[in-house]
Amino acid sequence: RIASLLELGAGFNGELTGRENVYLNAAILGLTRRETERYFDDIVAFAELEPFIDNQVKHYSSGQYVRLGFAVAVHVDPDILLVDEVLAVGDESFQRKCLAKIAEFQERGCTILFVTHALDLVPRICGRAVVLDHGRVLHDGDPVEATERLRTLLGTAADQSGGGAVLGADRPRFARIRLFDPTTGVHKGHFSIGEPLAVDFDVAAPAGSPPVSVRLAVTGPADVPLWVMDSDPLVFG
């Protein structure tokens, strides 16, 4: 039996109550009515929706909606579980409950395919990780190494120099970095949405050093890049 946590609440009908949607969604995921009846109280308790279970789901918040969808899906008792970017549901206590349920599946020997950009979760959940770049496998193995490989690929690793934290005098290094408003030329440390931003930097290197490029990455939560920009190759005379 295969269960998927892809589009939580897929198949929910907004005009039906939470109770009716549990039966509907469970049927879509392959549970019989008798199995759903056996799991029903556990599903509702897991979703923490006892006071609202007989309300129409069109009146649910988005958090309540996905919590009910998650609760139904994880009670399918699958042999293979497909998870795609759906663990960030609810508050912190509910997220811990979701991760504990995933760990319970693992202890039972369930195979879990976990797709995510939340790199901090990969070593916690996975025993093996694969990094893909435009369909090409860059890494297949240790999950900690995989997260560092992906961060390097995305330009969000702690050290993008290729070496340690201390750079020798014979290696390129930043001599100056400045953020400023390109319309006024004024240096700024804070920019609002919609404001133009320019980055000016100097790179020092011994004469004859091979060309290098500079990558600028702006990241959001969990180090997920919002955008990445590479400079043209810098040639040192």
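Which residues does Leu49 touch, not counting residues up to four places away in sequence? They are Val44, Tyr60, Gln64, Arg67 and Leu68, where contact means heavy atoms within 4.5 Å. The model here is a predicted one, in which local features need pLDDT of at least 70, side-chain atom pairs count only at pLDDT 80 or more, and totals for chains, interfaces and linings use all residues. Residues are numbered from 1 along each chain as its sequence is written, and side-chain values use heavy atoms, with hydrogens and water left out.

**The chain as a whole**

- The chain holds six helices and nine strands; these are DSSP runs numbered from the N terminus, with helices being H or I of at least four residues and strands being E of at least two.
- Of the 237 residues in the chain, 32% are buried, and the cut-offs for such labels are under 20% relative accessible area for buried, over 50% for exposed, and in between for partly exposed (1.4 Å probe, protein chains only).
- The chain has an accessible surface of about 14000 Å², and carbon and sulfur atoms supply 54% of that surface; the areas come from the Shrake-Rupley method with a 1.4 Å probe, and for residues only the protein chains shown count as cover.
- Among contacts in the chain with a separation of 6 or more, 54% join residues 24 or more positions apart.

**Helix 1 with helix 3**

- Two packed helices are described by the angle between their axes and the distance between the axes.
- Helix 1 (residues 18-28) packs against helix 3 (residues 62-74) at an angle of about 40°, and their axes are 10 Å apart; axes are lines fitted to C-alpha atoms, for helices over the stretch in contact, and angles run from 0 to 180 degrees between N-to-C directions.
- Helix 1 and helix 3 are therefore oblique to each other, given that angles under 35 degrees count as roughly parallel, over 145 as roughly antiparallel, 65 to 115 as roughly perpendicular and the rest as oblique.
- On the helix 1 side, Gly18, Val22, Asn25 and Ala26 meet Leu68, Gly69 and Val72 of helix 3.
- By class, this contact of helix 1 with helix 3 has four nonpolar, three polar and no charged residues; Ala, Val, Leu, Ile, Met, Phe, Trp, Tyr, Cys and Pro count as nonpolar, Asp, Glu, Lys and Arg as charged, and the others, Gly among them, as polar.

**Helix 2 with helix 4**

- Helix 2 and helix 4 (residues 92-107) pack at about 135°, with 10 Å between their axes.
- That angle makes helix 2 oblique to helix 4.
- Ala45, Phe46 and Ala47 in helix 2 meet Phe94, Lys97, Cys98 and Lys101 in helix 4.
- The contact of helix 2 with helix 4 divides into five nonpolar, no polar and two charged residues.

**Individual residues**

- Leu49 sits in the loop between helix 2 (33-47) and helix 3, and Leu49 is buried at a relative accessible area of 0%.
- Thr147, in helix 6 (residues 143-154), is buried with a relative accessible area of 5%.
- Leaving aside neighbours within four places in sequence, Thr147 is in contact with Leu119, Val122 and Pro123.
- Asp133 lies in strand 4 (residues 129-133) and counts as buried at 19% relative accessibility.
- Not counting residues up to four places away in sequence, Asp133 touches Leu138 and Leu153.
- Val218, in strand 8 (residues 215-219), is partly exposed, with a relative accessible area of 29%.
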